Amino acid sequence: MGVDLNPALKKHFGYDAFRPLQEKIVRDALAGRDVFALMPTGGGKSLCFQLPALLQPGLTIVISPLISLMKDQVDALQASGVAATFLNSTLDGTEARARLRGLYNGEFRLLYVAPERLLLESFIEKVREWNVALVAIDEAHCISEWGHDFRPEYRALARLREILPDVPIMALTATATERVRGDILEQLQLRAPRCYVASFDRPNLTYKVLPKASPYEQLLELLQTRPNDSGIVYCASRKTADSVAAKLNGDRIPARPYHAGLEAKERAQNQEMFLRDDVRVVSATIAFGMGINKPNVRFVVHYDLPKNIESYYQETGRAGRDGLPSECVLLFSAGDVVKQTHFIDEKSESEARIAREQLRQMVHYAEARECRRTTLLRYFGEERPNEPCNGCDNCLNPPETFDGTVAAQKFLSCVLRVQQKSGFAFGLNHIVEVLCGADTGPIRQRGHNELSTYGIGTELSRAAWQAIGRELLRLGLLEVAPGKFATVQVTKAGRDAIRSRTPITLTKQVEKPESKVKQRAGAIECDEALFEKLRNVRRTLADARNVPAYVIFSDVALREMARSYPTTPAEFRRIPGVGEQKLKDFAEPFLTAIGAYLEENPRQSFDRPNELRGRRVSLNESEAETLRRFQAGEAIDQIARGRGFVRGTILGHLALAIEGGAALTSEQFFTPTQEREIAAVIGRTGERNLTGLRDDLGGKFEVGELRIFRALAARRKVDRPAKDEPRFDRSAKD
């Protein structure tokens, strides 16, 4: 295994353990190997090249696409006592020359630079004299034309092998399909690279899609439930971004727009205000966010429909980089689909074909009734267990379904009749018009008002029929026909369904947005009053150093301080993120603030993940029905079959019921041996996240079962020493 890297990790960055894959990547870099690393936003990519830079002689060059990101990362490294610098167009000549002298003198361990500067012939000559030990290429997906953010200047990085033939290369990205990954390896000419692909899953993020009704009012309602949180609102146009920011300011929510139509100075100022928490919200086009190193973005709202899933995943990934619970909300309407279709129709045929397929996948995600996390991960080639994630609207509140056999038969038959009449296929909207009996010129000219299916769907609205058509596409009963226009035709499976009258289950359309907000598991309970005081201390220190607040400490670190109340340097050093330099620079002001707080306020106890005493969670109708059936004696699998849900959904309902105070006991779920086995693993590793706990138990238990175990254990802890609480030592698992 080699030398122990943990002391260096704690010394420089303040962490006691590596995140998944980090240690392997660091060891490969130290061994001089080429590396490709795909890790989700917040997964700790930067440490993979920053730690090797401190443990080996020579200079590590980091190629970064954004000037703002360079400054942020260098500020953070310098706050941790690391000799790092950057070179870009923001520096005047005197400062740039001073930094170049430092590079020639070996004063820096890391240099951040843009690809354009690195590949200038005059700069290449300098680089060859600097004893370069490693080149790290951040946002490496920009090199691929198949990626969603291709940058021509990145393509020229293929010359790196020629410029520095003996220097290992590390390519890092958070977003890349298999095709893009292969293109990155080929373009950079990586030699026998070690390839690491972490899970795309971001378990701390909750994904929600709301029917877009009154978008600004929906946004305002969300922000009012998060009075102290920062977030990003993504808009499709500059006009909308400006309008949203203006309205928010009118409602006393500090906000700034960000888009390519603003002067560069104003854009930079607005971004800086957001990074420093001077404004809570940035309303932005997609021009904002790549590489934004702000860990405490608590929500990302898509005011309009993104063009593709890769963009959506990367933009939502800017939430919760610190690992704390954060929310991703997409406002969806069929009108947005129509707008984007019009834009696509103006592209060349080859571009339009790709864009339509990307849009179709995005709409599929927005309208899917399965777990949204499963849909996202599958797009990137990753499968997850067929169980609720408890972190998306479809798992927390499964959508209602209905017997849509008749409606599906009508739609499929209409597609066939129209095609038989005209000899070619038509688009989804035309089929809907025929079903609804619309009196339009195209329908009369083609004689479609004479078909047996004309007007047979007047019982439903056009929007409802459009949703049914899109769902039939998702179910594989319809398909988009090849050609320039997005026409639809019935598949073999669809024809079989018509002939055999196969029962078809469809999803009820949600008429009005769900306003209830459920707290995401994983929040760090702490003394909220002390947390606010520590935020003020952090803000004062950040302003004095002219850096964003998170450069001093993350929200995670502050919450841990407000949870454990450190009062000595030794206790302070145990806080995650406190390395030697930060202990030296910041212990005193934070310890002073904590000590002063404790003189006037008692310590609070936070020895469990959820406070349940006196708490009653209201169950929705679906959850209450599950509880009623279970208490009436139905087995879990029996309830799942009878209600048309997967087993994991029923387990999730029962866990919520226990958290809400329902009189369920451990013997209804676990044998004594099972309880001891779960408790033993928790004793060794802590509760962790439930997916990690499931893996530690060898997959013997579902996540839903472990959630039930946790809820029962938390209730037992709260109610101790009540005599009527059953012990975890008997019964049979269902």
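Let's start with the rings. This structure holds 16 aromatic pairs. Keep in mind that the model is a predicted one.

Where do Y104 and W130 sit in the chain? Y104 belongs to helix 5, residues 93-104. W130 lies in the loop between helix 7 (121-127) and strand 5 (132-137). They are 26 residues apart, so this pair links distant parts of the chain.

Now, buried or exposed? Y104 has a relative accessible area of 41%, so Y104 is partly exposed. W130 has 4%, so W130 counts as buried. The cut-off for buried is under 20%.

W130 has another partner, F123. Here the centres are 5.6 Å apart and the planes stand at 85°, so this pair is edge-to-face. Both F123 and W130 are buried. Elsewhere, F200, Y313, Y379 and F380 make up one aromatic cluster.

Next, the whole chain. There are 34 helices and 18 strands. The chain has 734 residues, and 54% of them count as buried. It exposes about 32,600 Å², with carbon and sulfur atoms supplying 49% of that. Look also at contacts between residues at least 6 apart in sequence: 73% of these join residues at least 24 apart.

What about the inside? The largest nonpolar core has 109 residues. Helix 16, residues 349-367, gives the most to this core, with seven residues. I137 and L157 have the most contacts inside the core. Which residues touch I137, leaving aside neighbours within four places in sequence? They are I63, Y154, L157, L160, I169, M170, A171, L172 and L188. A second, separate core has 31 residues, including L530, F531, I575 and L591.

On to helix 2, residues 22-30. Why is helix 2 described as largely enclosed by the rest of the structure? Because seven of its nine residues are buried. Those are Q22, E23, I25, V26, R27, D28 and A29. Their cover includes strand 1 (35-38), helix 3 (45-55), strand 6 (169-173) and strand 7 (194-197). After helix 2 comes G32, with a positive phi near 80°.

Last stop, a pair of strands. Strand 10 is residues 255-258, and strand 11 is residues 281-284. They pair in the parallel sense, over four bridges. Find A255, and you will see V281 of strand 11 opposite.

Key: Residues numbered from 1 in each chain as written. Predicted model: local features only at pLDDT ≥ 70, side-chain atom pairs only at ≥ 80, totals over all residues. Heavy atoms only, no water. Core = buried A, V, L, I, M, F, W, Y, C linked by side-chain atoms within 4.5 Å. Buried < 20%, exposed > 50% of the residue type's maximum accessible area, 1.4 Å probe, protein only. Helix = DSSP H or I, 4+ residues; strand = E, 2+ residues; numbered from the N terminus. Contact = heavy atoms within 4.5 Å. Areas by Shrake-Rupley, 256 points an atom, 1.4 Å probe, with all protein chains shown as cover. Pairing = 2+ DSSP bridges. Phe/Tyr/Trp six-rings, centres within 6.5 Å; stacked < 30°, edge-to-face > 60°.
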